[in-house]
Structures are given as C-alpha cells and as structure tokens.
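The following paragraphs lead through an interface between two chains and through a ligand site.

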Amino acid sequence: MAIRRGERILMRGNEAIAQAALDAGCRAYFGYPITPQNQIPEYFAAHMPEVGGVFIQAESEVAAINMVYGAAAAGVRAMTTSSSPGISLKQEGLSYMAESELPCVVVNIMRGGSGLGNIAPAQADYFQAVKGGGHGDYRTLVFAGWSVQELYDLTRDSFDIADRYRNPVMVLGDALLGQMMEPIILPQDVIDPDDLPPKPWATNGAKGRPRNIINSLYIDPADLEQVNLRLQARYDEAARREVRYAGEHLEGARLALIAYGTAARVSISAVEEGRAAGLPVGLFRPISLYPFPSREIAALAEQVEAILVVELSLGQLVEDVRLAVEGRCPVHLYGLSGGIVPTPAEVLQKIEPLMAETRA
Amino acid sequence: MSMEEGTRTSVLFERPRALEPVRMHYCPGCTHGIVHRLVAEVMDELDLAERAVGIASVGCAVFAYNYFACDMVEAAHGRAPAVAVGVKRVRPDLFVFTYQGDGDLAAIGIAETIHAAARADNISIVFVNNAVFGMTGGQMAPTTLPGMKTSTTPYGRDPKAAGNPIRVCELLSALDGPAYLARVSVTNPQRVREAKRAIRKAFEAQLKGLGFSLVEVLSTCPTRWAMPPQKALKWLDDNMAAYYPIKEFVVAEGLLEEK
Ligand SMILES: Cc1ncc(C[n+]2csc(CCOP(=O)(O)OP(=O)(O)O)c2C)c(N)n1
Ligand code: SF4
C-alpha cells in the first residue's frame, strides 16, 4: 500500500501510532489483542511484512513484552502496545528492561479501570505509567499526545529517545484518541533501520568482539546500586533535555487549567469559551509526563492566582502538579472516573466559580 | 619433566571452548554442571559460539550467563522462550537456545513453552528437570513425583491436593510444531553420551531450520533431595526414569540419520 506523505490525509489514532513506529525503523512488533487498541496490531499484521519486519500475535501481554525484550536485546527497534489491563501484565518485563538498559516503546491506549473496567477513554493509569509501574528503582519515560498528529510525532520520537537513554519509553493515549480519525501529515522522510547507529552492547553474536551479557541480576548490593545510580543519572539528563509541554491562552491568565490528552482537548474548548466570555483563563498541557514539566508549572504558579487540574482519574496528575506548585497557589481538581469524559460546558462550570474566587 | 617441555602430543580432555574458565556455583554432585558441559561441547562441535545467543532463566542456572562463552541474556522467571523468540525472529541467522529448570519452564513459564513449540519457533530449549525448585529451597515443582517429599509437600506430594506431575515431552508431543523432543538423563557415562547426542540433534534441528527443539534432561538435586550425589543418581534411575520415560518423542524427518 502506497501511503500518501506530505499532504493531509485522514488517519485513526491507533493507525498513526503504528505507522509512526514503521517510519521510525521499528521492525519488531509483539502484541496481544485488547480493545480499544486493536487497530495497532492489525495495522502491523498488514504492513510489517512490507518492510520485512517481524509481527507476532503473542499468547499474552507477558509473552509480548518478553519478546520485545529479546528483540531489543538483539539490537532491533521493537514495540508492544496494549490497553490498561494488558499494560499491568507488562510491568515485570518493563522493570527487567529498564534494569537491563534496553530500549523499547510501549503504547497504552488507556481504558476505564480498575479491574476489567470498560473500554471508554480514561487516564487512570497515570500513576502506573509515571511512577515506575513495575517493581524496583526505575522509571519509564512517558509522553502523552492530544491529537492524531501528535501521537504520530511522539511515537516516532520515542524510538530515538528510548535508544538515547537505553530505557523503555511509554506513549499514553486513550480510547478516544486511539479510535478517532483526524487529518494528519506524514513526513516524507522515514528511517531506514540500517542507517541507525550501531548498538555495541547488543547480544547478536560475539563475532570479533568480547561477548555481551544482558542482565538485571546483581547479587552484590554495591553493584546494583551502581546500575541504579546510572539509571538515575539518565533520568536526570532526561529531565534536562526531554521535558515537553504546551501552553494556550496563558498570557494574562489568572486561572490556569492543567490537563493532558483527551482531558486537555475538552479543556481547550472550555478555555476558548471562557476567553470569549471575557474570563482570563488559559491551559497548560504537559506532553512529557515523566520527566514532568515541574519547573514550568512552578513558574506558572507564580503567574496565576489558581490552578485547576482536569484529569480522567480521581486525583493522580494533580499530585505531581501540587508537588511542582509547592503551595505557591491553590490547586483544584476536577477529576472524572470510570470512562466519563466531561463536556466543555461541564469544565466551564468548574472554571466560573474559581474565576469568581480569584477576582474576589 | 614438566609439561612445558613439549612432551604433550595430543589433548585427551580439556574444557570446551564454549565454557568460560570460571568456577561454577553449583552444589557438589549437581548434574547442572554435566549438562552445561554437554551443551558447550556441542556448541564447540558445531562451531556455534560466535553466533549463539543463550537465554539464562531464573533458577539455579540463573548464572549460566557467566558460564557459556557466548552472548547471553538473562530472562525473567519463565519467560526465556519468549525472549528467545524475540531474538530469533529478528535475527534468524543467530543460534538461540534457552537453559531452564522445571519450575521455570513447566510452572510459571508453561504458556511461553507451549506457544513457542506450537508456533514451531526455531529455537532450542535445554530443560533441566530435577523435580524440585532448587534455587528457592526445594519446594514442589510441577514435576515433583507423587509421594515425593519437598519443603512444601512435607508429607509427600498428594496428587489429590497438590495435583499430578506434568510430563513435558509428552505434553509437547501433542503439538505439530516441535521438530525434536527427547528425554535423557546423565546418571552414567552411557546416558551422558546419549544426552549429548540428543542435544546435538536438537541444535541441528535449529540449524536446519526445522523448528522447535527441546531436550529434557532428568537431573539430580542432591542438596534439596537431601541425598549424597551417588544415592541421588540411583534414586533418579529408580524413580524419576520410571515416571518419565527416557526416549526420543519427536524426530523430524530432516534429522533422521543417513544410513
Ligand atoms: C516472578 C518470580 N516468581 C518467583 C521467583 C522465585 N524463584 C526463583 S527460582 C524459582 C524456581 C526455580 O526452580 P527450577 O526452575 O526448577 O530451577 P532449579 O533451581 O531447580 O534449577 C523461583 C520460584 C522469581 N524469581 N520470580
Ligand atoms: S540446589 Fe540442587 S539444583 Fe541447585 S545447585 Fe544445588 S544441587 Fe544443583
């Protein structure tokens, strides 16, 4: 299939994610079906053969992430995707990959939880994504888009970032972003895996070099501490280099909404309606959720009188916002759960009384 | 006269090149060491070390990555077949094998094992069945014999409460994927020679692209069985070999020896 590049085409979020991986030189995909992300494995099943890559519908999410572990160990750009319950099953593998310093990209098209929950859009896996998820002293780098184009761009960049930090990178979407169709422009240039920098650490046959070992077992605590400090140094570097965010209507704002993904999309409509009604309100949108734009939010807290966090979970993002704000201004929460997405009017209803407070 | 003075004309016995010259951590009399040696000898014979990737598993053999002189990946408990599949599918030119115990392969990792076999994934598994969880202190394994005492079956394994043992080769024989399945033991020189032949066939199955291969090695765990090594070998012959028949289960046509 010849895909049109350099011009606006319509694409579903899930398909854009898969195409982004192919364009980034990803040549190994392993996944297990779960709604609402099934178009991703289906897209790979159709298009991975065209580029000579590997597609396996694994027997479980556990197997899938461990196949990713093997492919990444062999030096190939590899990916798995799932939705909330399946992402829970991948956490052991992610912990092993982080400690073994292996890159990979994982996408979570979040659905309502906990448990089996439902297949509606939600953001309740925020803690799991940004605080580690699996056991141990590691992090995944986490990015969240709010449009089909941004999901494409972030997924593509995530492969470079994963390789740079030798660490798993997670892209967060949700049932709405994964399913919706939007115009998108695919860039002309795509990455040929043969042009990527070599990975001298890969286990791909010890011919003409000392053998490589990929491992996360360090019996001596001093050795394990060294590895964990090395990981931490990388996370510190990521905090300096990889923070991403966007601001809308923040000039002169007295109230700032903070939201990501679908919650941000609803919030921007509310903000625009508010602005049209003369309310000085703006939106700050974290794009990297780990590293978190803490410095930028601290600066924002100096500038506005109050912050309203809008999230499709009952108080997860707001914790990181409060840690960043450190009491500089009041931080309010509008949290929804179970797959409920508010309307812009409902968000505006939360904005209005807070505006009245700031004016008083 | 010292050795250096040049009287040595032929080497009768030496460490396989595919084994690192390091001390192993296995208990005295543990047959893990013999199995390592056989794997390494076959790797030498087939000249595999420079294109091999071994997958170590979680169990007493977790440190296999320190012993095999080739690229090694240490997998999570039970996931070695999935990791091997990941390596092999993206680099079919590599030789990929796992080394797993019975807890790793037949308990927590049985799904990954069955599905790798069913997909005919072109990997080789060396499966060490010692009927217990050695590393964690001798608890019941899926392969623990009925009546056998372990630290979690202190009155002997009662199949009514603790279930029945799993015969892995028989289970996998029901699938179309495997190219080579054999059960061997290493309790005497004759058995050791047969075991090596089986490992070689398994590796050749992969080199010929025939699909999944697995060699189950009945093995002793003198420490957790609380027996001296000699008695453990005899106990294996008398009890384990009776429950787990030593034989070839599947031999793909492409492996049959030319007459
Ligand atoms: C997820 C997980 N569960 C449990 C363990 C603990 N554990 C380590 S080894 C092992 C069993 C090993 O037994 P086996 O595979 O038979 O190998 P052996 O030690 O007998 O050679 C267990 C349960 C672990 N490391 N990871
Ligand atoms: S505990 Fe058993 S299996 Fe483990 S090294 Fe000792 S004898 Fe071998």
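Why is the site of ligand 1 shared between chains? Residues from chains A and B surround ligand 1, and the site is therefore shared; a residue counts as near a molecule or strand if one of its heavy atoms lies within 4 Å of it. This is a predicted model, in which local features need pLDDT of at least 70 and side-chain atom pairs count only at pLDDT 80 or more, whereas totals for chains, interfaces and linings use all residues. Residues are numbered from 1 along each chain as its sequence is written, chains are lettered from A and ligands numbered from 1 in the order in which they are written, and side-chain values use heavy atoms, with hydrogens and water left out.

Of the 17 residues around ligand 1, those that come nearest are B:C60, B:D102, B:G103, B:D104 and B:G134. B:D102 also places a polar side-chain atom 2.8 Å from an oxygen atom of the ligand. The corresponding distance to an oxygen atom of ligand 1 is 3.0 Å for a polar side-chain atom of B:H32 and 3.1 Å for one of B:N130.

The interface itself comes next. Here 34 residues of chain B are in contact with 33 residues of chain A, contact meaning heavy atoms within 4.5 Å. The size of an interface is often given as the accessible area lost when the parts come together. Between chain B and chain A the buried area is about 2,500 Å², with 59% given by carbon and sulfur atoms; this is the accessible area (1.4 Å probe) that two parts lose on being put together, summed over both. B:E50, B:D71 and B:V90 supply 22% of the area that chain B buries against chain A, more than any other three residues.

Five salt bridges are counted between the two chains, each a side-chain nitrogen of Lys or Arg within 4 Å of a carboxyl oxygen of Asp or Glu. One of them joins B:E20 to A:R211, whose closest N and O atoms are 2.8 Å apart.

Secondary structure also links the chains. Strand β9 (residues 213–214) of chain A runs parallel to β2(B) and is joined to it by two bridges. Strands are DSSP runs (E, at least two residues), numbered from the N terminus, and two of them pair if DSSP finds at least two bridges between them. Within β2(B), B:M72 is the bridge partner of A:I213.

Note on methods: Helices (H or I, at least four residues) and strands (E, at least two) are DSSP runs, numbered from the N terminus. A polar contact is a pair of N or O atoms within 3.5 Å; within protein, one must be able to donate a hydrogen and the other to accept it, and residues adjacent in sequence count only if both atoms are side-chain atoms.
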